[in-house]
Amino acid sequence: MLISNRVKNLNPYVPGEQPKDRVYIKLNANENPYAPSPKVQKAVMDFVQNHPEKLGLYPDPDSLELHAAIADMLNKCGGVLCRAQVNGDEVQPAPEDKIPFTVTPDMIYTGNGSDEVLSFVFYAFFDSSAKFVMPQFTYSFYPVYAGFYNIPMDQVPLKEDWSLDVDEMLSRAGRNGGGIIFANPNAPTSLGLTREQVRQMIKKASPDEIFIVDEAYVDFGGESCIPLLAEFKNLVIVRTFSKSLCGAGQRLGYIVANPELVNIVTTVKNSVNHFPLDAVAQVSGTAACRDLPYYVETSRKVAETRDDFYNFLKEKGFYVLKSQTNFLFARHPSIAGDELYKSVKEHGYLIRHFNTPGIEEFVRITVGTAEQMSGLKKIFEEIIQ
Ligand SMILES: *Cc1c(COP(=O)(O)O)cnc(C)c1O
């Protein structure tokens, strides 16, 4: 036996394509079109130039400075950047986003992108003895981890309007007893639940059942569930620097949860890799959290550009969901999803098409800069008469 049976049965995630043959405008992986803040660039340069010896030493295994900076960021913006209020260097949460307690560093766990964080969270809180619940159409990495860890899953169809079927998810979770995960706002549908909807859901569930809420896109207009941590001990919130913090290349994801749950995930991490976050990522992540005005502005720009492109798609006759994220999920009555994807690619733009039955009519378009989107408008004008 050269290869383990475990590996033979793997079904890995397929990321948005990254072709090398031609330079495309990439609107297919929900990356942020803006570079990290100039202060992040400077912090990384200073670190490499002035402390090269630190590149030869192990990084802080507890990432203390970074965890403090993340907690501070969440307290300042309330967990939703695009609505935060900026006054010079000061940032305050919008009144509806204010967290009614102080997020502390011991409520934060960080890892190499939220994908890695999610994998440890799956390992820590889901088990092969009970099915966990997730929406039928959601982040396609969840089923990959289910396969990897051999955890049975229970996929709940979405409602007709593509929103999550909260009642059905909850009743199945109660039956299975294996926990629940969803992205909020969800991907690839771009729709979110309100915090109150999530609150009602957790309230009705057993306190022994874990709730994992993936907030990868919440900064672009969703409602964060961080305030619910005061009320529920069985809630884990997963977030990332890859979308709203312009940091997909630095691989930085984190959870916000009560310290007991943070400790459990830390135990899993320390059983795999004691030093998962590299020193440069710790420096750049810390610098990003300390320059919130920049990220409030870029998140707002993305949200404005999104709403403008949403209106354009409607005018062009698309069926398009009202996005709270940095992407739009749309289909057109006169052109199939894969055809639209191919035509757009010929014009030098990459968008995402899923061959998944049920959503194959759709394309998912990441929101780029206003310039990139006006380029895409011209292409759509040409393709769709
Ligand atoms: C992009 C994304 C992630 C992964 O983010 P990384 O931190 O880059 O690993 C996780 N969850 C959802 C729903 C995403 O869209």
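**Largest pocket.** I looked up its volume in this predicted model. The largest pocket holds about 1200 Å³ of space. I then listed its lining, which comes to 47 residues. Tyr13, Val14, Tyr139, Ser140 and Arg352 lie nearest the centre of this pocket. I noted the elements that each give two or more residues to the lining: helices α4 (113-125), α5 (141-149) and α11 (337-346), plus strand β6 (153-156). I sorted the lining by class and got 22 nonpolar, 16 polar and nine charged residues.

**Second largest pocket.** I read off a volume of about 380 Å³ for the second largest pocket. Its lining has 18 residues, and those closest to the centre are Phe47, Glu65, Gln282, Val283 and Thr286. Two or more lining residues come from each of α2 (38-50), α3 (64-77) and α9 (279-289). Which element gives the most to this lining? I found that α9 does, with five residues. By class, I have nine nonpolar, three polar and six charged residues for the second largest pocket.

**Helix α10.** I turned to α10, which covers residues 292-315. After α10 comes Gly317, and I noted its positive phi, near 90°.

**Ser299.** I picked this residue within α10. Is Ser299 buried or exposed? I call Ser299 buried because its relative accessibility is 0%. I looked up its contacts beyond four places in sequence and found Leu81, Cys82, Asp219, Phe220 and Ser244.

Terms used:
Residues numbered from 1 in each chain as written. Predicted model: local features only at pLDDT ≥ 70, side-chain atom pairs only at ≥ 80, totals over all residues. Heavy atoms only, no water. Helix = DSSP H or I, 4+ residues; strand = E, 2+ residues; numbered from the N terminus. Buried < 20%, exposed > 50% of the residue type's maximum accessible area, 1.4 Å probe, protein only. Contact = heavy atoms within 4.5 Å. 1 Å grid on protein atoms, 1.4 Å probe; cavity = no way out; pocket = protein on both sides within 12 Å on 5 of 7 lines; lining within 4 Å. Points joined across faces, edges and corners; volume = space filled by probe spheres on them. Nonpolar A, V, L, I, M, F, W, Y, C, P; charged D, E, K, R; others polar.
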